Amino acid sequence: MLSSLTGRRILRDRPRITTKTMPLKHLRTLPEKSVGRAYASWLDKEAVSPDTRDQVQYIDDEECAYVMQRYRECHDFYHAVTGLPVLVEGEIALKAFEFANTLLPMTGLSLFAVARLKPAERSRFWHVYLPWALTNGLRSKEIINVYWEEQLERNVDDLRLDLGMEKPPDLRETRKAFRKQRKATEDKMKRVGGPRSL
């Protein structure tokens, strides 16, 4: 953050992202494509709040502790800008992006959760979301240096463009299409009497 003018300003100002500092009622009234509206809509859709982030502990250096707190509090903005939902699959994809972008060790360690995914989810992660995360995380500007409080009225597509980030395929729609295809295959198998043996 020290290598960025905006990052240094964030470190100097030390803004916090909570329900007291984020006017969610106002954000819901902003234009649909604004960063603030995307953030508020994402919070509503996922039933989370800015206050769900725990206070950082066990870091003695005050500035380092703030950087970690800021990272935690900005995490939901990362979700809102990428559109990734609060599903294990979405969280792992976002952590992969964060690791490629910030190199924070804990984000890399989170990738071990891939082992928890079902085979279809794991395949999707390796073939779709990990390549997206690595490509976009490495090429985009450091997302920790975004002063989100100053971006709320900005068009979210313009922000992504400025950051050098593409939005990943919609994970909820991808999962829905997979379930629909699987059900159609199962229904077809039932109609023809199940799998035929040779």
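Does Cys74 count as buried or exposed, and at what relative accessibility? In this predicted model, Cys74 counts as buried, at 0% relative accessibility, where buried means under 20% relative accessible area, exposed means over 50%, and partly exposed lies in between (1.4 Å probe, protein chains only). 

Residues are numbered from 1 along each chain as its sequence is written. Because the model is predicted, local features need pLDDT of at least 70 and side-chain atom pairs count only at pLDDT 80 or more, while totals for chains, interfaces and linings use all residues, and side-chain values use heavy atoms, with hydrogens and water left out.

The protein has nine helices and zero strands, these being DSSP runs numbered from the N terminus (H or I and at least four residues for helices, E and at least two for strands). The C-alpha atoms fill a box of roughly 70 × 35 × 30 Å, taken along the principal axes. Of the 198 residues, 42% count as buried. Among contacts (heavy atoms within 4.5 Å) between residues at least 6 apart in sequence, 69% join residues at least 24 apart.

In soluble globular proteins, nonpolar side chains tend to be buried together. The largest nonpolar core of this protein holds 47 residues, a nonpolar core being a set of buried Ala, Val, Leu, Ile, Met, Phe, Trp, Tyr and Cys residues joined through side-chain atoms within 4.5 Å. Within this core, Met22, Leu27, Tyr39, Phe77, Tyr78, Phe125 and Trp148 touch the most other members. At least two core residues come from each of α1 (5–13), α2 (24–27), α3 (35–46), α4 (62–82), α5 (88–102), α7 (119–139) and α8 (156–163), and α4 gives the most, with nine residues. When residues up to four places away in sequence are not counted, Phe77 touches Ile17, Met22, Val35, Tyr39, Trp148 and Leu152.

A disulfide is a covalent bond between the sulfur atoms of two cysteines. Taken here as a pair of cysteine sulfur atoms within 2.5 Å, disulfides come to a count of zero. The sulfur of Cys64 is 16 Å from the closest cysteine sulfur, in Cys74, and therefore too far for a bond. Cys74 is likewise in no disulfide. Whereas Cys74 is buried, Cys64 is partly exposed, with a relative accessible area of 42%.

The protein has 35 positive and 28 negative side chains, where Lys and Arg count as positive and Asp and Glu as negative, with His and the chain ends not counted. With each charge placed at NZ of Lys, CZ of Arg, CG of Asp or CD of Glu, the centres of the two sets lie 9 Å apart.
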